[in-house]
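User: I would like a careful look at one part of this model, with its setting described around it, and with each cut-off spelled out where the term comes up.

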Amino acid sequence: MRLRLTTLGRIVDDLGSTFLDIVAAPDDMDVDVATVQIYDPLDELGTPPGTILLGVGVEGGERICELLEALGELGAAGLVVKSPVAVDERVRATAAKTGVVLLGLTRAASWAQVAALLRALLAEGDVGGAGEPAEAADDLFTLANAVCELLDAPITIEDRSSRVLAFSGRQDEADQARVETVLGRRVPDKYQRLQEERGIYRELYQSREPIYFDLGGGMLPRTAIAVRAGDEILGSMWATVTGPLPENRRRAFADAAKIVALHLLRQRAGADSQRRLRADLLSTVLEGGRDAADAAARLGIATERVCVLAAGLDETAMADAAGREGDRQRFCDALSLHVGAIHPHAAAALVGSVAYAVLPMHVRTPSTASSTGSSTGSSTASSTASSTGPDAEQRAVRVAQSFLARTGRRFPAAIGVGRLVSTLADVGRSRADAARALRVLRARGVSGVAAAYGDVYFESLLLQLGDLVTAEEQPPAGPYEKLVAYDAEHGTDLVGTLQAYLDALGNVHAAAQAVRVHQNTFRYRLRRLTKISGLDLDDPDARLAVSLQLRLYS
């Protein structure tokens, strides 16, 4: 369910004449746009209502009219073809009859660029339609490259503090000042001071038009424009040029600044709200219940054959609360990008202090090749054996380990992996498993490690028993209690002797070596502790009971 639809008229207004021109249109441009698709002549045309179709390779009046007719029947919003467009009365009449707007894309822009820009505009205020993930709304690098192509000049986009938010390609064609700016991701202090002394920033922020200046000193000239939202300065865009821009490129530069403003506004105003909404939706999915299916549909995530990952940062060295929250969010963003690259229907969000991810895991079925009776078929069948739940969980562990290996220097963390589940109703179980596995890893004090719940099952049970003991304030009891009291009163270590004996599985020689005493001394201590505590070491239940107390209370 989309939170707000964008109209075709608004898209054309936002893009100005930078990329798109209206070639032929009906009277009403106030038509809702839902999605963008790229035309493939080999596939059957099946666009949903409100689609803008990018007509790659479409040319000629006859072919354009055929597509307009087909799109009109499907309720599409518009058709984009490369300029110059062959327009005659038949094309205009077809556009008016079908209600589909025909747009011309400037030859300087690539289809990939315009697709990214249109999807960014549609993604404003959107968390994702039913069954499809939300598009990224802040692809400033794509926009910088598009402007670079339009102006034939390398571009940087900067915030009010001269930090580089994005840059285009071809920076090697610029000067040393630009190279240092891009490498450091901010304008070096010496160049900032120089521009302040020449009054460049003052002129830039007072003007609504591009300004041209040449500082000399081995630096190439610049054309810059302030990026505004009304009267508010959001940042600036800079082009390294060889001379003043011609008027058509000045206008394109000014139009592009409006699009940059849209991106920056979304980054500032939309990022936090979208994150909160995604976190709420994913939390609903992880808890299960009647609303889980709707939340999963809005997030566009898989609900069958998934493993849940619980990722937590090592925050022991983080003293600043604000810094911790920022690191958690950046860590979650990195995890979301990682799992999203692996599967389009994966999702991640920060829930409390833990980043949870729902990762689809394909489970292979046994090959039927062996039934053919050929030796080759049998070999293939054995090499592609059925992938069971534990196999899928181990693949999820490897995904988590790969992520930790890539981010470990910046984000020391551990990841717990839940069991593979087949239905949405069971996702909560996988989430609980993942959280318990993460808790075990945190209790160990390790980072850079991922573990499946099955691999840390016993340790997790001990932690849960410890919680129960603490909650009910249960003190030690039985033989263990007697040994603890005796050691405290007499300064002995009979509890340590018992621990060594149990760890060595009753091997007196190995146990004596562990505590560095002679075997006879160890046997004497063993007889003494059994006499004092009344512990029967031949009774397996008694050994289990005292072993658990050693783990829980030591």
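Analyst: The model is a predicted one, in which local features need pLDDT of at least 70 and side-chain atom pairs count only at pLDDT 80 or more, whereas totals for chains, interfaces and linings use all residues. Residues are numbered from 1 along each chain as its sequence is written, and side-chain values use heavy atoms, with hydrogens and water left out.

To take the surface first, the protein exposes about 27,100 Å², of which carbon and sulfur atoms supply 49%; accessible areas come from the Shrake-Rupley method with a 1.4 Å probe, and for residues only the protein chains shown count as cover. Of the 554 residues, 47% are buried, where buried means under 20% relative accessible area, exposed means over 50%, and partly exposed lies in between (1.4 Å probe, protein chains only). The protein has 20 helices and 17 strands, which are DSSP runs numbered from the N terminus (helices H or I with at least four residues, strands E with at least two).

Now to the core itself. A nonpolar core is a set of buried Ala, Val, Leu, Ile, Met, Phe, Trp, Tyr and Cys residues joined through side-chain atoms within 4.5 Å. In soluble globular proteins, nonpolar side chains tend to be buried together. The largest such core here has 32 residues, and those that touch the most other members are Leu282, Val285, Ile301, Tyr356 and Val427. Two or more residues come from each of helix 9 (247-287), helix 10 (292-299), strand 13 (306-313), strand 14 (347-351), strand 15 (354-360) and helix 14 (427-444). Helix 14 gives the most, with six residues.

The structure holds 16 salt bridges, each defined as a side-chain nitrogen of Lys or Arg within 4 Å of a carboxyl oxygen of Asp or Glu. One of them joins the side chains of Glu315 and Arg328 at 2.6 Å, N to O; Glu315 sits in the loop between strand 13 and helix 11 (321-342) and Arg328 in helix 11, so the pair ties together parts that are 13 residues apart in sequence. Both Glu315 and Arg328 are buried. Another salt bridge, at 3.9 Å from N to O, links Arg429 and Asp426; here Arg429 is exposed at 51% relative accessibility, and Asp426 is partly exposed at 23%. Glu209, Glu247, Arg250 and Arg251 are linked in a network of salt bridges.

A salt bridge of 2.7 Å, N to O, brings the side chains of Lys97 and Glu69 together. Lys97 belongs to helix 3 (residues 89-98) and Glu69 to helix 2 (residues 61-74), so this pair ties together parts that are 28 residues apart in sequence. Lys97 counts as exposed, at 60% relative accessibility, while Glu69 counts as partly exposed, at 30%.

Confidence should be kept in view throughout. The mean pLDDT of the protein is 80, and 85% of its residues reach 70 or more, pLDDT being the predictor's confidence in each residue, from 0 to 100. Over residues 124-138 pLDDT stays under 50, and the model has 44 contacts beyond four places in sequence for this stretch. Residues 363-387 also have pLDDT below 50, with 22 contacts in the model beyond near neighbours in sequence. Where pLDDT is low, the predicted coordinates should not be read in detail.

Conventions: Contact means heavy atoms within 4.5 Å.
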